[in-house]
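Please keep the sequence and the structure in view while reading.

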Amino acid sequence: MPLAPMGCAVQFHVKPDRRKTRGEHSMDGWYLKTSEEYYRCHIVLVKKTEAKRVTDTVFFKHKYITQPEVKPADIIIKAYQDLRQALQGLKNPADAKQMQTLEQIQDQLSPGNKMQIERGLERRLPRVQNIMQQLTERAQQQPPRVQFKEPRREESLQSARMIVASPRKQVVMSPRKEIVTPAPIIRKPKYIAQEEDSIAARLKAQRALSSTDTVNARQASATKVSAAADESIAERLLPQKRQIANIIEKAFPVLDQKTGQLLEYRQLLRHPKFKNAWNISAANEFGRLAQGIKGRVKATDTIKFMRKSEIPHDRLKDVTYIKFVCQVRTEKEEPNRTRATFRVIHYPDDVGTPTADLLLIKIFLNSAISTKGARFATADLSNFYLCTPMPKPKFGRVKLSDIPDEIIEEYKLREIATPDEWVYFRADKTHYGLPQAGSLSHDLLEKPLNKEGYYKSLIVPGLWKHKMRNIQFVLVVDRFGIKYLKKEDLYHLVNLLKRNYDVSVDLDGKEFVKIELDWDYDKGEVHLSMEPYLRKALRQFYNLVPKKRRDSSYPHVEPKYGAKQQFAEYDTSPAVGKEGQTYIQKVNGKFLWYARGVDPTALVPLSALASQQSKPTQNTMDKSKHFLDYMATQEPAVLTYRYDSSSPYRRGLFK
């Protein structure tokens with residue numbers, strides 16, 4: 001609700017029922033006060049009728065009241081008047097007093113005069129007796145020469161300042177400190193989260209530490225904070241680790257930490273240090289796609305090696321090739337991961353797959369906590385894209401030198417290879433990289449679900465229900481978010497999925513689509529957080545936590561006070577090029593999921609950056625860095641959903 005000083009000039013809106021046809025839509029008046037009886041209304045005094053009126057639409061004209069300024073024309077006129085009076089011998093006390101005041105200000109602001117400040121110094125300024133006499137004396141005097149003393153080295157480091165001291169008030173000058181730009185450091189977190197801590201516990205601990213009145217909470221968390229004192233060496237090495245992780249995440253090769261060289265698939269198979277481990281990894285991938293490796297890898301029968309002559313003549317033009325991607329994933333059972341992906345193949349039919357969007361997922365989570373007696377669980381399908389038969393097989397080829405010797409001997413590939421050492425294969429099931437893999441895999445999953453009474457909602461894409469059982473779930477590719485009342489309904493769905501897929505089930509529902517979930521069914525609350533996602537995103541862009549806390553997500557545009565209109569400033573900074581544009585686009589894409597998930601306050605700066613990313617400049621790059629500093633210095637966002645007592649789900653009506 002805007003507040004204005006009493007007596008401010010305003011224009012208020014005249015309602016249609018109170019004005020004449022083709023009458024003015026506003027009237028002039030003065031602001032009195034805010035109405036105490038009507039919501040968001042003001043009381044103004046009408047200039048024309050001198051009556052009070054209550055209105056809800058007011059235009060304040062305070063910006064039109066600016067500070068008076070001396071224009072060049074005023075200075076010329078004043079000089080002409082003083083000169084004319086001086087020649088005529090006239091005396092104007094008002095002008096003399098004004099000139100006296102200006103001379104005093106000029107003497108005080110003169111950079112050559114250094115005023116000595118003493119405690120209790122009080123002196124009266126001398127009166128100017130005759131303005132004509134002063135002008136004559138100054139005209140006869142020669143202008144003094146000003147000698148500039150060369151500043152010392154320590155003084156040259158400081159910028160020149162103008163000091164104005166009042167003769168009636170003591171001014172204490174503090175010594176100017178040399179400004180040293182601090183190097184970016186990694187700030188220690190206020191609270192070190194343990195793996196067993198829930199989101200609610202972390203949130204409570206952070207709030208307890210931020211409060212100065214809660215002493216017990218500080219003592220309880222002292223052991224956790226003291227553990228960070230021994231991590232100084234790790235913190236100093238963290239920037240190098242982040243840079244290495246950034247390179248690996250961007251290019252996907254494996255880094256040789258001794259030489260600093262990035263090794264790709266073919267280099268890893270021949271490197272004397274890594275060839276043993278990565279040959280096993282590549283052999284496992286080929287065995288998984290083909291007919292397996294005895295005693296080690298289970299087959300999926302996705303591809304089958306064949307001779308080139310066995311391929312139909314009309315399908316030779318559609319033969320594709322494989323691109324290998326190597327990555328180190330320490331959190332997986334097989335840390336050295338090799339994935340063979342098919343290159344993009346044109347597919348004429350529809351490849352769209354109905355899936356749940358983020359809005360539906362958040363509504364579904366709120367529904368789960370608001371339903372009396374309901375619980376939430378998640379399920380994940382393994383090798384979802386490798387188990388779906390294709391109506392029409394695809395053909396591809398791979399170089400014999402890119403296949404490990406173990407696979408060559410196991411499948412006798414030298415016998416079926418071409419003279420130029422190409423090995424051809426046929427793909428009967430979907431695989432990574434095929435555009436139709438998602439659509440065909442979803443259709444195959446839908447058939448057994450429909451047979452057992454599960455059906456998709458005709459109104460909400462991605463929402464599934466059952467005809468008889470009180471169970472619902474949202475489907476995102478191969479991830480299930482399940483809301484159930486009875487465990488037998490949950491086991492019915494899980495056993496159905498285990499007939500055709502390898503299923504991993506989390507009965508606690510701690511994570512879904514990169515969102516951590518902390519369920520408190522007794523209090524009717526669920527806490528949503530994406531702290532691991534946020535930390536990984538900051539590492540990807542090699543962002544160091546600045547020493548100073550950043551409290552604004554977007555640079556503040558300072559208004560020009562006193563100006564009648566605030567004009568937008570054009571961005572004249574140089575362009576950042578293609579690489580900088582890609583960097584800004586990655587920042588927007590990476591943090592958009594986080595902002596939509598748990599932190600809606602970040603949507604405003606991301607929207608502003610997105611409007612400038614088509615032609616980014618250095619100013620746009622600085623704004624993106626400003627946003628990254630804000631995300632690094634702020635505590636991770638936690639979104640909490642609480643049950644609604646008036647909800648029909650809370651009264652026991654599930655469907």
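## Terms and basis of the model

A residue is called buried when its relative accessible area is under 20%, exposed when that area is over 50%, and partly exposed in between, using a 1.4 Å probe and protein chains only. The model is predicted: local features need pLDDT of at least 70, side-chain atom pairs count only at pLDDT 80 or more, and totals for chains, interfaces and linings use all residues. Residues are numbered from 1 along each chain as its sequence is written, and side-chain values use heavy atoms, with hydrogens and water left out.

## The chain as a whole

The protein chain contains 18 helices and 22 strands. Helices (H or I, at least four residues) and strands (E, at least two) are DSSP runs, numbered from the N terminus. Of the 655 residues in the protein chain, 35% are buried.

Contact means heavy atoms within 4.5 Å. Among contacts between residues at least 6 apart in sequence, 65% join residues at least 24 apart.

Two strands pair if DSSP finds at least two bridges between them. Strands β1 and β2 pair in the antiparallel sense over five bridges, and F12 stands opposite M27 in β2. Five bridges also join β2 to β3 (residues 42-46), again in an antiparallel arrangement; here Y31 stands opposite V44 in β3.

Where does V14 lie? V14 is found in the loop between β1 (9-13) and β2 (26-34). V14 is buried, with a relative accessible area of 5%. Leaving aside neighbours within four places in sequence, V14 is in contact with R19, E24, H25, S26 and M27. V14 and T55 are 41 residues apart in sequence and 8.3 Å apart in space, C-alpha to C-alpha.

An open sheet of six strands has the order β14-β15-β16-β17-β11-β18, with antiparallel pairing. Its edge strands, β14 (454-456) and β18 (502-506), each pair on one side only. On average, neighbouring strands of this sheet are turned by 25 degrees against each other, direction ignored. Within the sheet, six bridges join β16 (residues 471-476) to β17 (residues 479-484), and I471 stands opposite Y484 in β17.

Helix α14 (residues 487-498) lies across β11 (375-382), β14, β15 (463-466), β16, β17 and β18, running at about 155 degrees to β17. Axes are lines fitted to C-alpha atoms, for helices over the stretch in contact, and angles run from 0 to 180 degrees between N-to-C directions.

## One face of helix α15

In helix α15 (residues 531-540), the buried residues are Y533, L534, A537, L538 and Q540. Seen down the axis of α15, these residues fall within an arc of 155 degrees, so they line one face of the helix. The arc is that of the directions from the helix axis to the C-beta atoms. An α-helix has 3.6 residues a turn, so residues three or four places apart point the same way.

## Helix α16 and its partners

Helices α16 (residues 577-597) and α17 (residues 603-610) pack at an angle of about 155 degrees, with their axes 10 Å apart. That makes α16 roughly antiparallel to α17, a term for angles over 145 degrees, while those under 35 count as roughly parallel, 65 to 115 as roughly perpendicular and the rest as oblique. In α16, V587, N588, F591, L592, A595 and R596 meet L603, L606, L609 and A610 in α17.

The axes of α16 and α18 (residues 618-633) come within 10 Å and cross at roughly 35 degrees. Residues in this contact include Y583 and F591 of α16 and F627 and L628 of α18.
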